[in-house]
Amino acid sequence: MELYDIFQIVSNVLVLYIWYLLIRSFSNHEEKMNWKIVMVLGVEFVVSSLIEYLHFPAIWNLILTLIFIVSLELVMHFKGKELIVGFVFTFLILLCIDFLVGVSFGYVLNNLNEPSAFESVLGRLITIFLTYIVAICVRRFYSKNDTHMPIVYYLAVILFPAGSLVFAFLLLPFSAYGERKLVGIIIILLVLNIMVLFLYDQMRIMYQDRLEKISLQYLEKSYQTQVSVMEKSMLQVRSIKHDISRHLLTMNTLAKENDLNKIIRYLDIIEGDFKESDVFSNTGNLVIDSILNYEFQLSGIELERVSLGMEGELRNIEISEYSLTTVLSNLVRNAFQGVSKTKHGKVQIFLKAASEILFISVSNDYMI
């Protein structure tokens, strides 16, 4: 077995993990690593390593790549449009990167029935690095499940493999180290990159779990507030219904006395009781109502200074609780905090449901 064959086998581990990250970026749901995914990666690693070691025609590698992408998508529960988009874009990205790197190093495969003669260690490393950068970009700008990590995370994720690539680039021209030592050092770098990239991915998952836990804690408080508001509203309505006969009797007496001013004042008192029993938000969507009622109660501003408008069916709109909590709570809280510092400022909230999209408009003014 030649040194480059050993290098290829070791690098295949990193290549397949990066392919997995790239394919996962096209998923609309978060699919964590499981035994089925590991099995597909393992089979692909064994078969691709054998194909490269035995110098099979390049067409075999191409077919294996296509089968691998589809198999990984199926075990990750890709369906319909998601499966097609993921398959097409993943294949095109991998094909373009291989072609660009090959051309840059003066190599183009003209016949798929011949084994690939591209044996550049640096070219292989550049291909791995570029694929990883593309996987990060796709996840950041395309995936709906991307967790907005701090910028330091992305810098660390990019700098480590980039530093390894630069180190290998500077090291390769020095033949004094010997071919075996050079390849051995590069293999160690590959193993370190595999470990670091896996740890970075696990760190992202842990960070996402932490954010979701914070979101759930917020939702729990919001639900408790919603329950409290509803219970208070029901008690006040029951109290008013219980006393309605006495209210009618009192108004009847005032009417007989022809005291219009007292009747108006009495009606104002009853109207005030009804306003106190009103719930600020009653859209039919439990998460939206809980967030709005919770933030409104925390703000302590008068109901007359807040307007809530809605359009469309909000009850059944499919948006994750985490995303809805993060966006809506921040918008509403900032608006309420701004108005709470004024005497007459108002807050306008408008929600519109269209297809699977929720439009949110939150504005305030600063009339002091």
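**Note on the predicted model: salt bridges, cores and a helix pair**

1. E311 is partly exposed, with a relative accessibility of 41%. The structure discussed here is a predicted model, and the points below begin with the charged pair to which E311 belongs.

2. The partner of E311 is K352, and the closest N and O atoms of this salt bridge are 4.0 Å apart. K352 sits in strand β2 (residues 347–354) and E311 in strand β1 (residues 306–311), so the bridge ties together parts that are 41 residues apart in sequence. K352 is also partly exposed, at a relative accessible area of 30%.

3. How many salt bridges does a search of the whole structure find? The search finds 2. Besides K352 with E311, there is a salt bridge between the side chains of E295 and R333, with an N to O distance of 2.8 Å. Here helix α10 (residues 286–299) supplies E295 and helix α11 (residues 321–340) supplies R333, so parts that are 38 residues apart in sequence are tied together.

4. Is E295 buried or exposed? E295 has a relative accessible area of 3%, which is under the 20% cut-off, so E295 counts as buried.

5. Nonpolar side chains tend to be buried together in soluble globular proteins. In this model the largest nonpolar core has 48 residues, and Y20, F68, L72, M76 and L125 have the most contacts inside it. Two or more residues come from each of α1 (3–24), α2 (35–53), α3 (58–75), α4, α5, α6 (151–171) and α7 (179–242). The most come from α1, which gives 12 residues. A second, separate core has 24 residues, among them F296, L314, I317 and F336.

6. The crossing of α4 past α5 is right-handed. On the α4 side the contact is made by I93, L94, I97, D98 and V101, and on the α5 side by G123, I126, T127, L130, T131, V134 and V138. By class, these are 8 nonpolar, 3 polar and 1 charged residues.

7. A last point concerns K213, which is found in helix α7. K213 is exposed, with a relative accessible area of 54%. The C-alpha atoms of K213 and Y322 are separated by 9.1 Å, although the two residues are 109 residues apart along the chain.

Key: Residues are numbered from 1 along each chain as its sequence is written. This is a predicted model: local features need pLDDT of at least 70, side-chain atom pairs count only at pLDDT 80 or more; totals for chains, interfaces and linings use all residues. Side-chain values use heavy atoms; hydrogens and water are left out. A crossing is left-handed if the near helix is turned anticlockwise from the far one by less than a right angle, and right-handed if clockwise. Helices (H or I, at least four residues) and strands (E, at least two) are DSSP runs, numbered from the N terminus. Contact means heavy atoms within 4.5 Å. Ala, Val, Leu, Ile, Met, Phe, Trp, Tyr, Cys and Pro count as nonpolar, Asp, Glu, Lys and Arg as charged, and the others, Gly among them, as polar. A nonpolar core is a set of buried Ala, Val, Leu, Ile, Met, Phe, Trp, Tyr and Cys residues joined through side-chain atoms within 4.5 Å. Buried means under 20% relative accessible area, exposed over 50%, partly exposed in between (1.4 Å probe, protein chains only).
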